[in-house]
Amino acid sequence: MSNLSPIKAIPVKADAATAKRYKAGVLRYVEMGYWQPDYKPLETDLVVVFRITPQEHVDPEEAAAAVAGESSTATWTVVWTDRLTACELYRAKAYKVDAVPNTGPGTKTEQQYFAWIAYDLDLFEEGSIANLTASIIGNVFGFKAIKALRLEDMRVPVAYLKTFQGPATGIVVERERLDKFGRPLLGATTKPKLGLSGRNYGRVVYEALKGGLDFVKDDENINSQPFMGWRDRFLYCMEAVNRASAATGEVKGHYLNVTAGTMEDMYERAEFAKSLGSAIIMIDLVIGYTAIQSMAKWARKNDMILHLHRAGNSTYSRQKNHGMNFRVICKWMRMAGVDHIHAGTVVGKLEGDPLMIKGFYDTLRESRTPVSLENGLFFEQDWASLRKVMPVASGGIHAGQMHQLIHYLGEDVVLQFGGGTIGHPQGIQAGATANRVALETMIMARNEGRDYLREGPQILKDAAKWCGPLRAAIDTWGEVSFNYESTDTADFVPTATASA
Amino acid sequence: MMTNIGARLTQGQFSFLPDLTDVQITAQLNYALQQGWAIGIEYTDDPHPRNTYWDMYGNPMFDLKDPAGILKEINECRKTFPRHYIRVTAFDATRGWETPRMSYLVNRPAVEPGFALVREEREGRSIRYTIRSYAADKPEGERY
């Protein structure tokens, strides 16, 4: 294929124009080779879309070229040492800028542009998210010629994807290991998240699992604090998991958070979890990309499911003009090798526009995602058979929203009802049972071909006639919804935030 | 006697609901067939959560697309093994899945004694856990 080329040698030019190009001094980035409107990206290129808000008096092409330059080879001035290299290959190439719809004069938002930039494969080390991100989101985000910059999407070439392990376990193997098919998994985060002793903490785990949940989870900031050391937590949680498994005949799990200050500590905690027979451990996004990749390799080697809590992501993913879109984090985490990632609920308490969340979920679960601007997917992405990541929906959701959750999120998802389980008026077991009954009822109705989204409230009411815990849950939370506008919304179609 | 809510084994995707009627089973069979999945019937009298390989009541029915015919097989299995656990599994052969996509119980023994948790205390407060089915103490075929 003609567009697979770059083996062909790029001749070292020695003409007059080239001599002028490398004369000491400062050039505009567009003049340095970072703006190439005729460039056709290669199949092996990594292609990126940035949202750029240029400074006044900086035209969009120059801003795009500057971003391409600063995220690849450029510095602020001409350097003759470029000529010792195949510099034209290593220069990122901005090849397109489009005005962002509904920005600029006459709107509430200052003018923004989508800039399309291609990077040669040789710019990146194999299997290293750290190296990839050091270029793409390195220095460039503080660059003065742009007011704000946001990484919107990234097409990762198959050739590069194949240098990553991908999810340690993946949806298919996770389900086989847990022996759970055909329905979302159910979880809850232990509450209160801080302050319980190991013994009291394990009580919550036991009650929730025995009542019908598949998983209970440590919260992101439960590590090893004065009120509860990590070894105590692990020991009591595994007692709870095994007691509940014996009480129900079902495989159960608790995500033991192994997040710690050093890799050595994390490995020690992970090994202890394994020695106790835990099926799953968890880490937080804040441990960093390299630590995540290390734990993913450990998890693959030790038959462990690896849950990732996205702690910290909203510091850079929530605002629309600056930072990076969460869909890019989803891509990087699928490459880095986690099995679970929190990816939004649509109807819960945390940020989440339904169209955007569909884009995240598709990115995590599908083998190939087509371009879908309304879901924020700027590129077709072939996932090269990397395993599928199970998204986790957590935060302010309850049994009364079951029809909406299944409609928006599908069945390959962990639905986590923390408050909705532990805050149940009849106790934690009853809370878990209410969620499980609501879930199974709704899956059955969906499979029967019923219009479950519309009939959902009635389907739940009918089940509540024979299930007291579900009745109590609906009486308590039936009317609760979190109906706020999302900040991270699609640029290409009008959107609405769903509510109960 | 199991002490969880419902006092029953909760494996499978519909174990928290009342036992499925033949009409409900047929609707689920229809759903699986619409997805292009093949349906298999499996039975066991050892419901340990790690007992993966229940015995197959014949191979998965790759070529049987009629839910009534499949229901007939289910009912014959129930007649042959009235006190066993019987589950219906739907197998998806699509690339990227190639795994069961549904699994639910359609028969269970009248009395479910449940499981014992056996603890072996080890050093450093660690405990090695083993789950043992009370019924599986008896030989196969004499358990329920």
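1. Let's start where the two chains meet: 35 residues of chain A are in contact with 32 residues of chain B, contact being C-beta atoms, placed from the backbone, within 7 Å. Helix 6 (170-178), helix 7 (198-211), helix 8 (230-248) and helix 16 (428-447) of chain A each give two or more residues to the side that touches chain B. Helix 16 of chain A has the largest share, 9 residues. By type, that side of chain A divides into 10 nonpolar, 14 polar and 11 charged residues; Ala, Val, Leu, Ile, Met, Phe, Trp, Tyr, Cys and Pro count as nonpolar, Asp, Glu, Lys and Arg as charged, and the others, Gly among them, as polar.

2. A word on reading this: it is a predicted model, where local features need pLDDT of at least 70 and side-chain atom pairs pLDDT 80 or more, while totals for chains, interfaces and linings use all residues. Residues are numbered from 1 along each chain as its sequence is written, and chains are lettered from A and ligands numbered from 1 in the order in which they are written.

3. Now chain A as a whole. Chain A has 18 helices and 15 strands, taken as DSSP runs numbered from the N terminus (helices H or I, at least four residues; strands E, at least two). Its C-alpha trace spans about 85 × 50 × 45 Å along the principal axes. Of the contacts in chain A with a separation of 6 or more, 76% join residues 24 or more positions apart.

4. One residue to look up is A:A66, in helix 2 (residues 60-70) of chain A. Beyond its neighbours within four places in sequence, A:A66 is in contact with A:Y29, A:F143, A:A145 and A:I146.
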